[in-house]
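Dear colleague,

Please find below the structure that I am handing over to you. My notes on it follow directly after.

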Amino acid sequence: MSTGSGSDQWAWLGLLKWSLSYSDGTHESDLSPMSKEDREFLEKVMSEGIIDENKRMKFILEESTKAMEFYRSKSLHGEEAGEPPISDDDLEELLQELRDIVEQIDFARAFCSLQGLPFLIGCIGERKGVPEQIRMMCTGILSTICQNNPPVQKQLLETGGIKSLSGRYMRYRNYAYY
């Protein structure tokens, strides 16, 4: 999941070629300290080719928060709210990336420590202000975070998330029948 230019996506290939030039596993390799040039190359590839998932989650939450503030302002003030900070499509793409990140159980727990659960529950519950596709993405993220993850499930229970979600479901369900 690289967010850089097209050439950055292939940085790992350069690292592999560099690694194989020093040892391909077929014979004993000469273990000697890296030259300054090699060390700088390796550090550059590692810094450009690896994404810090925690920083990325924080960035996505910040962008999502800006969008939610816009939706709130728009629902209160109408068209006077101005231009959105991010398009719905871009926000949906960021939320899909977030869902991919939190599929890993440790990142799901880290997301919860960033106070992501209340954020998701709030987004899901804002039926009038937040577009349906964004609410659905948040619901999908919530289900991904909670599946097979007892600590997160416990946190969802302790924060009243289950009660809140089930209450909203029942209200929406009853509303749909009338």
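The term pLDDT denotes the predictor's confidence in each residue, on a scale from 0 to 100. It applies here since the model is a predicted one. For the protein chain the mean pLDDT is 83, and 83% of the residues reach 70 or more. Among the elements of the chain, helix 4 has the highest mean pLDDT, 96, while helix 1 (residues 11–22) has the lowest, 71. Where pLDDT is low, the predicted coordinates should not be read in detail.

Helix 4 also takes part in a helix pair. Helix 4 (residues 88–102) packs against helix 7 (residues 132–146) at an angle of about 5°, and their axes are 9 Å apart. Angles under 35 degrees count as roughly parallel, and helix 4 and helix 7 are therefore roughly parallel to each other. On the side of helix 4, the contact is made by D88, L91, E92, L95, Q96, L98, R99 and V102. Helix 7 contributes Q133, I134, M137, C138, G140, I141, S143, T144 and I145.

Two loop residues deserve a mention for their backbone. Q115, in the loop between helix 5 (105–113) and helix 6 (116–125), has a positive phi of about 65° although it is not a glycine. N148 lies in the loop between helix 7 and helix 8 (150–158); its phi is near 55°, again a positive value in a residue other than glycine. N148 is exposed, with a relative accessible area of 67%.

With kind regards

How values were computed. Residues are numbered from 1 along each chain as its sequence is written. This is a predicted model: local features need pLDDT of at least 70, side-chain atom pairs count only at pLDDT 80 or more; totals for chains, interfaces and linings use all residues. Side-chain values use heavy atoms; hydrogens and water are left out. Axes are lines fitted to C-alpha atoms, for helices over the stretch in contact, and angles run from 0 to 180 degrees between N-to-C directions. Helices (H or I, at least four residues) and strands (E, at least two) are DSSP runs, numbered from the N terminus. Angles under 35 degrees count as roughly parallel, over 145 as roughly antiparallel, 65 to 115 as roughly perpendicular and the rest as oblique. Contact means heavy atoms within 4.5 Å. Buried means under 20% relative accessible area, exposed over 50%, partly exposed in between (1.4 Å probe, protein chains only).
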